[in-house]
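Here's a quick tour of a protein model, written for someone just getting started. Keep the 3D view open while you read, and look up each residue as it comes along.

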Amino acid sequence: IMINVYNNLEQGAKETVQEKWRERLEQAEELEPAVKKRIVAACNDAASGEFMRERQYFVSAVHTWFAQAYQLACGADIMTLANPEIFNDHKIPEKLNQEKLLKQLQQAEEFTSAMRYNLGSSGQQLAIRSFCLNAVKAGA
């Protein structure tokens, strides 16, 4: 699921930016080729920036989930968490294993670190797969 969500980020970013730039792109069709090329390049740059922003939100959400689950395992009240809404659609077990969640949080931190680098698409997917496998192994 994580890879599917991640893969949709780039396409979603392109669609968001293209919608915002639609009028400019349409007007560019009537301009000189050099001007049109610059406008298209600027649109592509904006889409790349939007993707990077969405990617950071994705990575941050993964880390936040594990950080807050660990805080719950340590005895924190859900209403004192920074983002309690992250658990809205999830039934939280009464007993959370603090040791396992700490290991999973460490995997989330490694994942966050790995995703900071501008890896290619296959490198990012590998980082996601590695995180998933390592997080499951840490929780076993």
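A nonpolar core is a set of buried Ala, Val, Leu, Ile, Met, Phe, Trp, Tyr and Cys residues joined through side-chain atoms within 4.5 Å. Keep in mind that this is a predicted model.

**The cores**

- The largest nonpolar core has 26 residues, and the ones touching the most other members are Y6, F58, F66, F111 and F131.
- As a bit of background, nonpolar side chains tend to be buried together in soluble globular proteins.

**Helix 2 and what follows**

- Helix 2 runs for 41 residues and covers 60 Å from its first C-alpha to its last, which is close to the 60 Å expected at 1.5 Å a residue.
- Just after helix 2 comes G75, whose phi is positive, at about 105 degrees.

**Aromatic rings**

- Two things describe a pair of aromatic rings: the distance of the centres and the angle of the planes.
- The count here is 6 aromatic pairs.
- One of them is Y6 with F58, a tilted pair with 5.6 Å from centre to centre and 55 degrees between the planes.
- Y6 belongs to helix 1 and F58 to helix 2, so this pair ties together parts that are 52 residues apart in sequence.
- Y6 and F58 are both buried.
- W65 and F66 pair up too: their ring centres are 5.2 Å apart and their planes meet at 75 degrees, so this pair is edge-to-face.
- Are W65 and F66 buried or partly exposed? W65 is partly exposed because its relative accessibility is 31%, while F66 is buried because its value is 12%, under the 20% cut-off.
- Five residues, W65, F66, F87, F111 and F131, make up one aromatic cluster.
- If you skip neighbours within four places in sequence, F66 is in contact with Q104, L105, A108, F131 and A135.
- There's also a charge over a ring: R24 lies over the face of W21, at 4.1 Å from the ring centre.

- L9 sits in helix 1, and its relative accessibility of 14% makes it buried.
- What does L9 touch? Not counting residues up to four places away in sequence, L9 touches F51, E54, R55 and F58.
- K103 is part of helix 3, and with a relative accessible area of 40% it is partly exposed.
- From K103 to D45 is 58 residues along the chain, and their C-alpha atoms are separated by 38 Å.

**Cysteines**

- How many disulfides does the structure hold? The number is 0.
- For background, a disulfide is a covalent bond between the sulfur atoms of two cysteines.
- C43 is buried, with a relative accessible area of 4%, whereas C132 is partly exposed, at 28%.

Methods: Residues are numbered from 1 along each chain as its sequence is written. This is a predicted model: local features need pLDDT of at least 70, side-chain atom pairs count only at pLDDT 80 or more; totals for chains, interfaces and linings use all residues. Side-chain values use heavy atoms; hydrogens and water are left out. A disulfide is a pair of cysteine sulfur atoms within 2.5 Å. Buried means under 20% relative accessible area, exposed over 50%, partly exposed in between (1.4 Å probe, protein chains only). Contact means heavy atoms within 4.5 Å. Helices (H or I, at least four residues) and strands (E, at least two) are DSSP runs, numbered from the N terminus. The expected span of a helix is 1.5 Å times one less than its number of residues. Rings of Phe, Tyr and Trp (its six-membered ring) pair if their centres lie within 6.5 Å; planes under 30 degrees apart count as stacked, over 60 as edge-to-face and the rest as tilted. A charge sits over a ring if NZ of Lys or CZ of Arg is within 6 Å of the ring centre and within 35 degrees of the ring normal.
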